[in-house]
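Subject: Handover of a structure and its findings

Dear colleague,

Please find the structure below, followed by a summary of what was found in it. I would be grateful if you would read the two side by side.

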Amino acid sequence: MAFSFSSIGVFLSSFSICFTVLLYSASLGAEARGPPIKPLCSLISKVLFDSIFLHKDDNACPAKNFYSYESFIQASKAFPGFGTTGSLTTRQREIAAFLAQISHETTGGWATAPDGPYAWGLCFKEEVNPQSNYCDSTNKEWPCYQGKSYKGRGPIQLSWNYNYGQAGKALGFDGLRNPDIVSNNSLIAFKTGLWFWMTEQKPKPSCHNVMIGKYVPTEADIAANRTSGYGLVTNIINGGLECGIPDDARVNDRIGYFERYAKLFNVDTGPNLDCAYQKSF
């Protein structure tokens with residue numbers, strides 16, 4: 001097998017990132033007198049990341065060269081529970097589910113796209129043609145600022161002033177006064193996606209807890225048929241528009257990405273892929 005200097009450089013860069021995280025995790029494990037936590041980069045290499053997002057840096061994608069593997073791994077350090085909880089299968093399935101959801105949110109794919117519709121995640125970093133500035137003026141805790149738009153940005157397409165305010169407070173940036181940073185800074189962009197994934201916003205559970213099996217349905221959840229699985233994650237993210245609708249094209253797109261990624265991770269998707277018969281939160 002022949003290697004180019006560029007491919008060797010990519011391998012060494014990826015190895016360096018993961019090796020640094022391994023040393024850091026090992027030191028934490030020693031201090032805690034427990035086994036070291038295997039870092040995210042041990043489950044998703046740059047090669048796998050690039051094979052998942054085949055076209056994210058194409059000229060056709062407005063987010064070309066924005067969503068880097070290095071930023072993704074660096075952002076994950078702020079959320080040490082992501083991709084590190086549960087069995088190997090559970091960890092891989094959670095990573096695949098997160099990447100699938102952000103792929104749908106940023107998709108540039110279409111039915112006859114090269115390599116299929118599910119090879120075009122992370123193509124956009126800003127919402128196209130937003131219908132409003134996504135300001136909930138009734139929310140006094142996280143007030144909107146004049147001239148600012150809280151449209152979808154970043155991998156999870158963070159939107160609404162209350163999400164920008166909370167994410168900014170948690171991550172150390174001014175989301176209300178400077179929402180554009182989410183589409184200008186790759187590291188912050190990935191952090192907002194992981195923040196949304198990991199954070200419980202009652203009555204919604206966190207996507208993380210659903211995917212690692214720690215979701216405990218309430219009586220209201222049971223009555224609403226909100227069963228644990230990838231479909232419930234879709235409900236958390238956009239249930240008001242997509243759930244309770246059999247064979248919804250948007251839900252099917254989310255599932256298509258997840259099925260492709262789960263196969264690349266060599267894991268099954270688990271049950272309850274859609275939210276067709278779930279009531280939204």
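C207 counts as buried, because its relative accessibility is 0%; here buried means under 20% relative accessible area, exposed means over 50%, and partly exposed lies in between, with a 1.4 Å probe and protein chains only.

Two remarks on conventions come next. This is a predicted model, in which local features need pLDDT of at least 70 and side-chain atom pairs count only at pLDDT 80 or more, while totals for chains, interfaces and linings use all residues. Residues are numbered from 1 along each chain as its sequence is written, and side-chain values use heavy atoms, with hydrogens and water left out.

Disulfides

The structure holds three disulfides, a disulfide being a pair of cysteine sulfur atoms within 2.5 Å.

C61 and C123 form one of them, with sulfur atoms 2.0 Å apart. C61 lies in the loop between α2 (46-52) and α3 (69-76) and C123 in the loop between α4 and α5 (161-171), so this pair ties together parts that are 62 residues apart in sequence. Helices are DSSP runs (H or I, at least four residues), as strands are (E, at least two), numbered from the N terminus. The link of C61 and C123 is left-handed, with -100° about the S-S bond. C61 is buried at a relative accessible area of 3%, and C123 is buried at 2%.

C135 and C144 also form a disulfide, with a sulfur separation of 2.0 Å. Their link is right-handed, with 110° about the S-S bond. C135 counts as partly exposed at 26% relative accessibility, and C144 counts as partly exposed at 26%.

C243 is joined to C275 by a disulfide with an S to S distance of 2.1 Å. C243 lies in the loop between α9 (230-242) and α10 (249-265), and C275 in the segment after α10, so the pair ties together parts that are 32 residues apart in sequence. The torsion about the S-S bond of C243 and C275 is about -85°, and the disulfide is therefore left-handed. C243 counts as buried at 10% relative accessibility, as does C275 at 1%.

A nonpolar core is a set of buried Ala, Val, Leu, Ile, Met, Phe, Trp, Tyr and Cys residues joined through side-chain atoms within 4.5 Å. The largest one has 70 residues, of which I44, F72, F82, L99 and W197 touch the most other members. At least two residues of this core come from each of α2, α3, α4, α5, α6 (186-198), α7 (207-211), α9 and α10. The largest share, eight residues, is supplied by α6.

L99 is in contact (heavy atoms within 4.5 Å) with I44, I52, F53, F72 and Y261, residues up to four places away in sequence not being counted.

In α4 (residues 88-105), 18 residues at 1.5 Å a residue should span 26 Å, and the end C-alpha atoms are 26 Å apart, which agrees; the expected span is 1.5 Å times one less than the number of residues. This helix is mostly covered, with 15 of its 18 residues buried.

Backbone features

K202 and P203 are joined by a cis peptide bond with omega of about 10°, and P203 lies in the loop between α6 and α7. Q157, a residue other than glycine, has a positive phi near 55°. Q157 is found in the loop between α4 and α5 and counts as buried at 12% relative accessibility. N272 is not a glycine either, yet has a positive phi of about 55°. N272 is placed in the segment after α10 and counts as partly exposed at 36% relative accessibility.

Yours sincerely
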